[in-house]
Amino acid sequence: LLLGDMYYTGKGVLQDYAKAVEWFQKAANQGNSVAQRGMGMMYYEGEGVRQDYAKAAEWYEKSANQDDSDAQLLLGAMYYLGEGVRQNNETAKEWFGKSCDNGDQNGCDGYRMLN
């Protein structure tokens, strides 16, 4: 995970999104929720991989299911916008609520917006 972050940011090494994906993938496959969220971000932005909202949502969901409030917020936004998943305000509200329950004010704001 740390090597992936270094390659993503270019701190201590030349920035290389493809290498960041490689290292995030290793940690994500071992169940690291931060790396799973990182993989989601890479697919969402198309950095180091071909942009793929559906794969982004899959990775965000893996992280969100481990109570990562940022991933829960991002997944909620994807359901709200219908990016990579079928648009569904009820599911968006559920993920925003979970994010809120885990201390993310943006998740609380999203939940209130859909309430």
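D70 is partly exposed, at 34% relative accessibility (buried means under 20% relative accessible area, exposed over 50%, partly exposed in between; 1.4 Å probe, protein chains only). This is a predicted model, in which local features need pLDDT of at least 70, side-chain atom pairs count only at pLDDT 80 or more, and totals for chains, interfaces and linings use all residues. Residues are numbered from 1 along each chain as its sequence is written, and side-chain values use heavy atoms, with hydrogens and water left out.

**View 1. D70 and R37 form a salt bridge.** The N to O distance is 3.9 Å (a salt bridge is a side-chain nitrogen of Lys or Arg within 4 Å of a carboxyl oxygen of Asp or Glu). D70 belongs to helix α5 and R37 to helix α3, so the pair ties together parts 33 residues apart in sequence (helices, H or I, at least four residues, and strands, E, at least two, are DSSP runs numbered from the N terminus).

**View 2. D68 forms a salt bridge with R37.** Their closest N and O atoms are 3.0 Å apart. D68 sits in the loop between α4 (53-64) and α5 (69-81), and R37 in helix α3 (residues 33-45), so this pair ties together parts 31 residues apart in sequence. D68 is buried at 9% relative accessibility, whereas R37 is partly exposed at 21%. A network of salt bridges links R37, D68 and D70.

View 3. R112 is exposed, with a relative accessible area of 51%; D109 is partly exposed, at 36%.
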